[in-house]
Amino acid sequence: MHYLSHDRLRQLLEKLTSSYSVFVPVEDGSGLQYVPYTSDLEHFDPGQVRAFEPLKLFFQRAREVVAQDYDTDLPGQDKKPVCVVGAKACDLKGFKVLDHALLKGEYEDPFYKRNRERNLIISCDCTTALDTCFCMAMGVKPFPEEAFDINLSPVEGGYLVEAGSKKGEALLEASSGILGEPDQDMMAERGRTRNQVAELVQANIEESGVPDRKSLEGAVRRMYDSEVWADEARTCVECGACNTICPTCHCFLLYDQKNEGKMERLRIWDSCLLKGFARVGGGDNPRPELWMRLRNRFEKKFDFFPEVANVYACTGCGRCITGCPAKIDIREVLGRLVSNG
Amino acid sequence: MGNTTNPYSMVRSRVLKVVKETPTIYTIRLKPDREVPFDPGQFIQLTVPGVGEAPFTPSSHYRKPETLDVTVARVGKVTDRIHQLSPGDEVGIRGPYGNNYPLEDFRDREVLVVGGGVGFAPMRAVMYGLFDIVSSLAKLLYRGGCRNPSELVYREEMSRWFDRDDLNIVLTVDEGDETWRGPTGVVTTILEDLSLDFESAVAIVCGPPIMMKFSTLKLLEMGFSDSNIFLSMEKNMSCAIGQCGHCRIGPYYCCTDGPVFRYSQIKQYPNIWD
Ligand SMILES: Cc1cc2nc3c(=O)[nH]c(=O)nc-3n(C[C@H](O)[C@H](O)[C@H](O)COP(=O)(O)OP(=O)(O)OC[C@H]3O[C@@H](n4cnc5c(N)ncnc54)[C@H](O)[C@@H]3O)c2cc1C
Ligand code: SF4
């Protein structure tokens, strides 16, 4: 454990900009957005809560060229890797799902893999909670415990810093000149903040009635033919925001185009709420009704992933609650599944 | 990173020949720059440059990978453009993907192949595989059906299959015409009077979902074991490498865990036929 002052963090990021595109969270009125770090950026705060955009965005790009003509090389490999500052525990939990989906099968996604290997994650404890946060119901604590290179715990004047990977250790070693020794007060402060945030999240969980992980076991399958789906889907406008904003949704679509005489194959995020998602040639659709597609989203998250990877594909970040124009609340849906209606 | 293989890159291929099997089904013969060896049941992704790609099961002989046939029904965007291809045109292939039929396990057993509609295409590759080991099979039966005689593919070749004494073959059409001398009725009607050792016999079924559903139910009723019914499932596919999430069936991805499934594997999951 080390101590790093605010100014020294800037110094560290300054240094990192030579080998990384560094992104930091900045409040812009509608939430925290990741913006490129520059030395004249006046204010950023690695703490607070999760950013508006999911962390996956730096690892599985929303839109990227994956093949050109008949080249076997991976396109776009000349880009600098990314250093994300202020990633939160819920987003880091998302890697459990993404890694399984994109690295653990018969094939590896070389683009995602490269980003996982090369990008640098400087995560941070949450210093508060939104009223949509329910991470702890999904078994995630509001401070990172794994999947980071370096974690920051905000304390008076700066941060307590610890490494979570070989890459993080090496970076801290190389930065030893700017690191200080933490004292007892700082450790106590970190503990207090962590407890306070946990209490906020716990209060949210109790108020919203979101069930715990144990009671969710088998719930989707048990309630497969329930009225809940059609009822919840009544207001859905099929925008797909819930998917794109989710730190675990990884489904994508390939499409081809011609660009300056070259064939280009692009990969873009897809959304299982959209009507064409499962449509097959000729127009047959296994999920023609919106409620079937809403149900499919829950099936994938709370039935498929527990079965194949022993993990719920929900980290309790609450983004889909904030992002849904129809105000469909995943906590309520889960509550209804468990209470049979 | 030149040595990291790109799962999305394709093998350049030339169109050698286009056979118009029926007004809506064409067989395209392709010559890939580099051979794409496959086993019966596996599929490839075929790209029309700049238009898009779609999955198809090669319908040619798996032991002759220098060229590759795909038999394609015209149903939409990509298949429309495939039907416009002419000899000399360039297309892309990636694959093969998915699992294959465990043909070796079928030795000493009675094998029934049921194909419907465009399901004839993948079944041709399977039949080539089965013909190669036919002397070690206890029996080989083929039951095929399509809507009407004009939708029948591989006519010439099929007529030679009728001459084989190692194959028991019956074809039916939903609606006959003056040229049709075989039975009429949906394919399940020609499954009625089979004499097989149902408990140990193996069935391979491929065709439109509705045909697969009713054939499977019929076979079960006849006494086939649900683990001896092999189905080739069609789902929406994009990546074909088990990542894009489109082709899920229960806990499986059709592209990597399938497309060939034993009925026993998938029967417990809802809406598999939809
Ligand atoms: C393993 C496998 C093997 C197959 N083998 C064969 C074979 O041997 N022969 C054969 O003829 N067929 C075969 N098929 C079926 C064949 O792949 C489809 O007929 C083909 O993909 C249709 O493509 P299309 O672009 O022409 O059809 P379309 O109907 O135009 O498009 C189908 C695809 O485009 C998407 N799409 C189209 N319109 C929309 C929209 N409005 N919104 C969103 N998405 C849309 C669909 O989601 C779907 O992915 C096979 C399929 C599979 C899965
Ligand atoms: S965000 Fe809401 S409205 Fe949009 S697709 Fe998801 S559930 Fe439907």
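Salt bridges first. Over all chains of this predicted model, the count comes to 37 salt bridges. One of them joins Arg116(A) to Asp99(A), with the closest N and O atoms 2.8 Å apart. Arg116(A) sits in helix α3 of chain A and Asp99(A) in helix α2 of chain A, so this pair ties together parts that lie 17 residues apart in sequence. As for the background, side chains of opposite charge can pair when their charged atoms come close.

How many salt bridges run between chain A and chain B? The count there is two. In one, Arg265(A) pairs with Glu53(B), and the closest N and O atoms are 3.3 Å apart.

Which elements of chain A touch chain B? Those giving two or more residues are β4 (63–68), α2 (89–103), α3 (110–118), β9 (252–259), β10 (262–269) and α10 (290–309) of chain A. The largest share of that side, seven residues, comes from α10(A). Sorted by class, the side of chain A that touches chain B holds 22 nonpolar, seven polar and 18 charged residues.

Now the extent of the interface. The contact draws 47 residues from chain A and 46 residues from chain B. Between them the two chains bury about 3,600 Å², and 54% of that is on carbon and sulfur atoms. On the chain A side, the residues losing the most area to chain B are Tyr70(A), Tyr107(A) and Arg265(A), together 21% of what that side buries. Arg265(A) is also the residue that forms the salt bridge with Glu53(B).

Next, the sheet in chain A. Seven strands form an open sheet with mixed pairing, in the order β1-β8-β7-β6-β5-β2-β3. Its edge strands are β1 (2–5) and β3 (32–36) of chain A, each of which pairs on one side only. On average, neighbouring strands are turned by 30° against each other, with direction ignored.

Take one pair from that sheet. Strand β7 (residues 150–155) and strand β8 (residues 158–163) of chain A run antiparallel and are joined by six bridges. Asn151(A) stands opposite Glu162(A), which is in β8(A).

Last, what lies across the sheet strands β1, β2 (21–27), β5 (82–87), β6 (120–124), β7 and β8 of chain A? That is helix α1 (residues 6–16) of chain A, which runs at about 85° to β1(A).

Key:
Residues numbered from 1 in each chain as written. Chains lettered and ligands numbered in written order. Predicted model: local features only at pLDDT ≥ 70, side-chain atom pairs only at ≥ 80, totals over all residues. Heavy atoms only, no water. Contact = heavy atoms within 4.5 Å. Buried area = accessible area lost by both parts, 1.4 Å probe. Salt bridge = Lys/Arg side-chain N within 4 Å of Asp/Glu carboxyl O. Helix = DSSP H or I, 4+ residues; strand = E, 2+ residues; numbered from the N terminus. Nonpolar A, V, L, I, M, F, W, Y, C, P; charged D, E, K, R; others polar. Pairing = 2+ DSSP bridges. Axes fitted to C-alpha atoms, helices over the stretch in contact; angles between N-to-C directions.
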